[in-house]
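Please look over the sequence and the structure shown here before reading the report. The text is meant to be followed with both at hand.

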Amino acid sequence: DTDRRIVNNWLPDEIWIIPLSEVSQVILSSGHAVVEQLLEGLNLGRSLEDLLASLYENLSGIVPYNRIGVAMLDDAQCVLRAVWSRSDGEMKLTAGYSAPVAGSTLESLLRSGQPRIINDLEAYLAGKPESVSTRLIVGEGMRSSLTLPLLAEGKPIGVVFFSSRNRRTYTEEHGAILRSLAGHIAISLEKAQLLTALRQRH
C-alpha cells in the first residue's frame, strides 16, 4: 500500500502514520461543532481544564475512547509535559509526567502534524519495554491509541492522546477527522493555557 508509510519494521501491521483521506461530511460537521464550543468557551474565559473537560464530553460521537490525555510542549526544557487527563477508570499517568522530545517517536509526529495509530499497545510495549509512558497506559488497561499532534499556525505546541480499552479500535478515518480539527483545537488550547498562566500570576 503506497499510501501507508511503515514507522517500525518490527510491527508492520500495528503502527502507521495515517494519510489524510475523504471523510464523512456529517461526522466532520459534528467535529466542527465541538470546535465551535471550544472557541465559545474560550471567549467566555473558561479555563484550560474546563475546555479539556468539554473536549472529553463532546468528542465521543466522533472518535471512540476510554481515556484522553493532553501533553504540552515545554520549549525551554525540550520536553512534553502532561497537563491533563481523564478516563473512565483509575489513572497511573497523570498531570506532571514529562519526557524529552528529542530522540522520541513523538519528535517526528510533532514536525509532520500527522496522527499516529498504535492498535496493540501490549505488542508495542513488548518491542519497546523502555517506554515508561506506554507501560503506565497499559497498566491502566488501555490496548490501543491514537496520537494527535497539535500545531498552532504551524508551530508544534503539544499532543492529544486518545486511548481505548480494546485492540484495533482506531482507523485511518478517525485520524483524518481529528487531523482536520487539530489546528483549531491547538489554537484554542494554546490561548486557554496562556489565559490560565496569566490568572495564576495575578
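## Overall architecture

The structure is a predicted model, and its chain contains six helices and eight strands. Read from the N terminus, these elements follow one another in the order β-β-α-α-β-β-β-α-β-α-α-β-β-α.

Of the 202 residues in the chain, 47% are buried. Among the contacts in the chain with a separation of 6 or more, 62% are accounted for by residues 24 or more positions apart.

## Strand 8 and its partners

Strand 8, which spans residues 155-164, has seven buried residues out of ten, and it is therefore largely enclosed by the rest of the structure. Strand 8 runs antiparallel to strand 3, to which six bridges join it; within this pairing, V70 has V160 in strand 8 as its bridge partner.

Strand 8 is also antiparallel to strand 7 (residues 144-152), and here nine bridges join the two strands. Strand 7 and strand 8 form a hairpin with two residues between them, and E153, which lies in the turn, has a positive phi of about 55°. A152 stands opposite K155 of strand 8.

## Aromatic residues

How many aromatic pairs does a search of the whole structure find? The search finds two aromatic pairs. In the pair of Y65 and F162, the ring centres are 6.0 Å apart and the planes stand at 55°, so the pair is classed as tilted; the limit that matters for this reading is that edge-to-face applies to planes over 60 degrees apart. Y65 belongs to the loop between helix 2 (48-58) and strand 3 (67-74), whereas F162 belongs to strand 8, so the pair ties together parts that are 97 residues apart in sequence.

Are the two residues of this pair buried or exposed? Y65 has a relative accessibility of 13% and counts as buried, because buried is taken to mean under 20% relative accessible area. F162 is buried as well, with a relative accessible area of 1%. Y65 and F162 also belong, together with Y56, to one aromatic cluster.

## The largest pocket

The largest pocket holds about 700 Å³ of space. Its lining is made up of 36 residues, of which L106, S131, S133, T134 and F161 are the closest to the centre of the pocket.

Which element supplies the largest share of the lining of the largest pocket? That share, five residues, comes from strand 4 (residues 79-87). When the lining residues of the largest pocket are divided by class, 18 are nonpolar, 13 are polar and five are charged.

## The second largest pocket

For the second largest pocket the volume is about 370 Å³, and the lining consists of 17 residues, with L48, M72, V83, Q193 and L194 nearest the centre. The lining of the second largest pocket includes ten nonpolar, three polar and four charged residues.

Helix 6 gives the most, with six residues.

Methods
Residues are numbered from 1 along each chain as its sequence is written. This is a predicted model: local features need pLDDT of at least 70, side-chain atom pairs count only at pLDDT 80 or more; totals for chains, interfaces and linings use all residues. Side-chain values use heavy atoms; hydrogens and water are left out. Rings of Phe, Tyr and Trp (its six-membered ring) pair if their centres lie within 6.5 Å; planes under 30 degrees apart count as stacked, over 60 as edge-to-face and the rest as tilted. Helices (H or I, at least four residues) and strands (E, at least two) are DSSP runs, numbered from the N terminus. Buried means under 20% relative accessible area, exposed over 50%, partly exposed in between (1.4 Å probe, protein chains only). Two strands pair if DSSP finds at least two bridges between them. On a 1 Å grid over the protein atoms alone, a cavity is a set of points where a 1.4 Å probe fits but cannot get out, and a pocket is an open set with protein on both sides within 12 Å along at least five of seven lines; lining residues have an atom within 4 Å of a point. Grid points are joined across faces, edges and corners, and a volume is the space filled by probe spheres set on the points. Ala, Val, Leu, Ile, Met, Phe, Trp, Tyr, Cys and Pro count as nonpolar, Asp, Glu, Lys and Arg as charged, and the others, Gly among them, as polar. Contact means heavy atoms within 4.5 Å.
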